[in-house]
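Here are some notes for a colleague who is opening this model for the first time. Please read them with the structure in view.

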Amino acid sequence: MSSSFILNTADRERLTAAHPAIFNRGFMQRYGFLTGIVAVLVYLTACFFFFNVGPAFMQGRWDRASSYIQDWYSWRAQPRLRFEDGKVNPQWSSRMQYPADAPIDWLQPLPDGGYSVVYAGTENRLDVTPARVDVYVDGKNYPVIIDGEAALAPEVLPQQIQQDGNKVLVHYGFAGQAEIRTSQVYVQRRFLGWANFLFDTKSEFWGKGYGDLAALALWGERLDPQRSNISHMVDDFLDNGVWQHADIFSKLIQTLVMAFVGTLLGTLVALPLAFLAARNITANRAANWGMKRLFDFLRSIDMLIWALFFTRSFGPGPIPGIAAIFFTDTGALGKVYAEALENVDDKQREGVKSVGAPPIAVNRFGVLPQVLPVFISQSLYFWESNIRSATIIGAVGAGGIGLKLLEAMGTNADWDKVAYMVLLILFIVFLFDHISNALRSRLIGKTQH
């Protein structure tokens with residue numbers, strides 16, 4: 001059995017008159033979503049041309065970016081092979097990657113006073129002498145002649161070799177590169193891992209394998225009669241002159257202290273001020289308005305601006321960082337606390353007030369128990385967030401690991417150390433994020449019982 005239901009004209013008009021909002025929708029109700037998508041696309045297109053996104057990508061130094069990324073997980077040995085008195089003299093950077101006069105398997109002396117730089121086997125190497133550099137690519141020799149005014153390569157070259165004015169550039173991919181000039185050959189030789197991360201070249205443990213280190217730590221004879229090998233290893237690790245572990249850990253702890261003390265001071269000051277800002281707690285409109293405007297002022301100025309201001313006032317160090325976090329958090333937490341206070345249940349307040357309790361006792365027993373879990377939860381969240389913020393404000397002179405990170409980036413040669421500090425920061429942020437979430441969950445769980 002089947003049936004059909006067809007509206008006649010009279011029924012349609014009756015329904016339209018009874019429900020005009022359904023049958024007579026406006027333009028935005030019909031096409032609002034599509035209009036929003038079109039508006040966003042137009043806005044993004046305008047931004048693309050206004051900020052010259054296309055030319056910026058075309059002119060970007062992607063080769064340099066690739067080199068920086070490789071520096072995060074590898075290291076570069078960078079000797080300069082200088083031409084002096086008819087010989088080639090290697091000079092090293094200050095990273096102390098090898099001990100003085102240590103044999104290096106990829107940098108071998110030649111009988112005529114030169115050096116051979118091996119990149120990827122003997123088929124890809126440089127044989128460097130003061131008057132000539134033999135560049136081997138896949139076993140084929142391309143001699144570069146040095147005549148005192150320019151380094152000149154042959155006319156026919158593979159893509160790994162380029163004549164750049166009076167110098168010659170050689171690229172061996174990840175293995176490294178070289179720049180041949182009239183006075184020197186600037187060598188970059190790349191290896192996976194971080195060189196001397198555990199111990200620098202001055203340590204007695206330098207160059208030993210993990211098995212040898214474990215044996216020395218567990219049952220080996222003491223290298224220093226005054227201390228155990230484990231203690232010796234810890235001291236040498238922290239005193240590593242290249243990686244500066246002790247200094248980095250000290251700056252990391254300084255960052256954590258900045259975040260904790262700044263958040264704690266902001267919480268302690270914002271708490272009583274929030275009671276003055278809450279209209280249902282303090283029946284004084286002038287006090288309410290003044291406190292809220294103070295909170296607006298403190299939080300409207302970015303933490304980075306406060307850090308710059310206090311750095312100019314007190315000089316570099318953790319005090320400007322603590323002050324910047326304290327000022328910003330006082331404004332932000334004060335506003336959050338005041339809003340929480342204005343939404344409390346007045347029944348509990350009235351109950352305490354009905355027994356003749358003074359105003360302080362009313363707030364202590366009738367208001368604070370309702371909002372204290374929210375206050376602590378918000379302060380924990382701000383503390384977690386400030387650990388990240390303290391790293392940024394440290395870069396402008398407020399101390400901590402942020403300043404150390406900026407120094408490493410400024411050298412343009414310590415990107416492996418930058419990666420190391422970034423990983424430490426990520427670990428600390430993840431750790432305290434987990435701790436903060438666990439505390440907040442436990443706190444909220446208690447309020448539900």
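**Notes on the predicted model**

1. Aromatic pairs. With ring centres within 6.5 Å as the rule for pairing, the count comes to 31 aromatic pairs. One of them joins F310 and F314: the ring centres are 6.1 Å apart and the planes meet at 20 degrees, so this pair is stacked. The cut-off behind that label is an angle under 30 degrees. The model is a predicted one.

2. Where F310 and F314 sit. Both residues belong to helix α10, which covers residues 303–314. They are four residues apart in this helix, which means that about one helical turn separates them. Are the two partners buried or exposed? F310 has a relative accessibility of 7% and therefore counts as buried. F314, at 55%, counts as exposed. The limits used are under 20% for buried and over 50% for exposed.

3. A pair with another geometry label. Y381 and F382 form an edge-to-face aromatic pair, with 6.1 Å from centre to centre and 85 degrees between the planes. An angle over 60 degrees is what gives this label. Y381 counts as partly exposed because its relative accessibility is 40%. F382 has a relative accessible area of 16%, so F382 is buried.

4. A charge over a ring. R125 places its charged end over the ring of Y136. The distance to the centre of that ring is 3.9 Å.

5. The surroundings of L213. This leucine lies in helix α6, residues 210–218. Its relative accessible area is 9%, so L213 is buried. Leaving aside residues up to four places away in sequence, L213 touches L198, F199, F205, K208 and M233. N229 is 16 residues from L213 along the chain, and the C-alpha atoms of these two are separated by 9.2 Å.

6. Annotated spans. An unreviewed UniProt entry places the feature "transmembrane region" at residues 31–51, 256–277 and 418–439. How much of residues 256–277 is helix in the model, and how much is strand? The span is 100% helix and 0% strand, with its end C-alpha atoms 30 Å apart. Residues 418–439 are likewise 100% helix and 0% strand, and here the end C-alpha atoms lie 31 Å apart. The annotation comes from the UniProt record, and such annotations may be inferred rather than shown by experiment.

How values were computed
Residues numbered from 1 in each chain as written. Predicted model: local features only at pLDDT ≥ 70, side-chain atom pairs only at ≥ 80, totals over all residues. Heavy atoms only, no water. Phe/Tyr/Trp six-rings, centres within 6.5 Å; stacked < 30°, edge-to-face > 60°. Helix = DSSP H or I, 4+ residues; strand = E, 2+ residues; numbered from the N terminus. Buried < 20%, exposed > 50% of the residue type's maximum accessible area, 1.4 Å probe, protein only. Lys NZ or Arg CZ within 6 Å of the ring centre and 35° of its normal. Contact = heavy atoms within 4.5 Å.
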